[in-house]
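Please open the model in your viewer and keep the sequence panel beside it, so that each selection can be followed in both places. The tour moves from the whole chain to its parts, and then to single residues.

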Amino acid sequence: MKISLKRINDNYLFETVNERGNIVLLDNKTDDEPKGASPMDLLLRGIAGCSSIDIVMILRKQNHELEDLRVEVDGYREDGNIPNVFKKIHLDFILKGDIPPAKVERAVKLSMDKYCSVSKMLEKAAEISYTITLNGEKVL
């Protein structure tokens with residue numbers, strides 16, 4: 001993997017580009033009007049995306065298709081600490097589809113405990129928890 005970063009204004013706005021040419025703007029949230037994601041924001045987006053890819057893949061291998069998948073992620077930091085790392089991260093998986101709840105729970109658990117590289121990295125610094133809602137009903 002390779003990422004290139006280039007400063008594109010006289011403040012904190014940067015353009016990052018990966019090997020495939022995908023662009024993500026990076027900015028400092030203290031800017032008056034940030035035009036990109038903060039680095040810490042990208043970590044939370046990363047854990048949501050990584051786990052979601054795993055979940056879709058695991059369920060597809062079992063011949064189950066989701067109608068919808070959303071993830072709400074909350075990251076908690078200790079204010080005043082430098083560096084101000086995440087101490088807790090909570091993910092709320094909200095799924096919709098004709099899939100047995102046990103299959104959904106197992107797919108999420110496999111992702112979070114075994115397959116999601118981002119969660120495995122972040123768990124070294126932060127306590128990670130999650131809940132699962134399937135078709136409006138709490139599964140976990």
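What follows is a series of selections, each with a short account of what is there.

Begin with the whole protein chain in cartoon view, bearing in mind that this is a predicted model. The C-alpha trace spans about 55 × 35 × 25 Å along its principal axes, and the chain has three helices and seven strands. If you follow the cartoon from the N terminus, the elements come in the order β-β-β-α-β-β-α-α-β-β.

Five residues from domain 1 and five residues from domain 2 take part in the contact.

Stay at this boundary and show the side chains. In general, the size of an interface is often given as the accessible area lost when the parts come together. Here the area buried between domain 1 and domain 2 is about 320 Å², with carbon and sulfur atoms giving 76% of that area. On the side of domain 1 that touches domain 2, three of the residues are nonpolar and two are charged, while no polar ones are found. Across this interface there are zero salt bridges, and there are likewise zero residue pairs in polar contact when both residues are at pLDDT 80 or more.

Now select helix α1, residues 39-61, and within the helix pick out Asp-41 and Arg-45. These two residues are four apart, about one turn of the helix, and they form a salt bridge in which the closest N and O atoms are 2.5 Å apart. As a general point, side chains of opposite charge can pair when their charged atoms come close. The count of salt bridges comes to seven.

Finally, turn to the open sheet, where four strands run in the order β4-β5-β6-β7 with mixed pairing. Which strands lie at the edges? They are β4, at residues 68-77, and β7, at residues 137-138, each of which pairs on one side only. Strands of a sheet pair through backbone hydrogen bonds, either parallel or antiparallel. To look at one such pairing, select residues 127-134, which make up strand β6, together with β7; the two pair in the antiparallel sense over two bridges. As a last stop, centre the view on Thr-133, which stands opposite Lys-138 in β7.

Terms used
Residues are numbered from 1 along each chain as its sequence is written. This is a predicted model: local features need pLDDT of at least 70, side-chain atom pairs count only at pLDDT 80 or more; totals for chains, interfaces and linings use all residues. Side-chain values use heavy atoms; hydrogens and water are left out. Contact means heavy atoms within 4.5 Å. Buried area is the accessible area (1.4 Å probe) that two parts lose on being put together, summed over both. A salt bridge is a side-chain nitrogen of Lys or Arg within 4 Å of a carboxyl oxygen of Asp or Glu. A polar contact is a pair of N or O atoms within 3.5 Å; within protein, one must be able to donate a hydrogen and the other to accept it, and residues adjacent in sequence count only if both atoms are side-chain atoms. Ala, Val, Leu, Ile, Met, Phe, Trp, Tyr, Cys and Pro count as nonpolar, Asp, Glu, Lys and Arg as charged, and the others, Gly among them, as polar. Two strands pair if DSSP finds at least two bridges between them.
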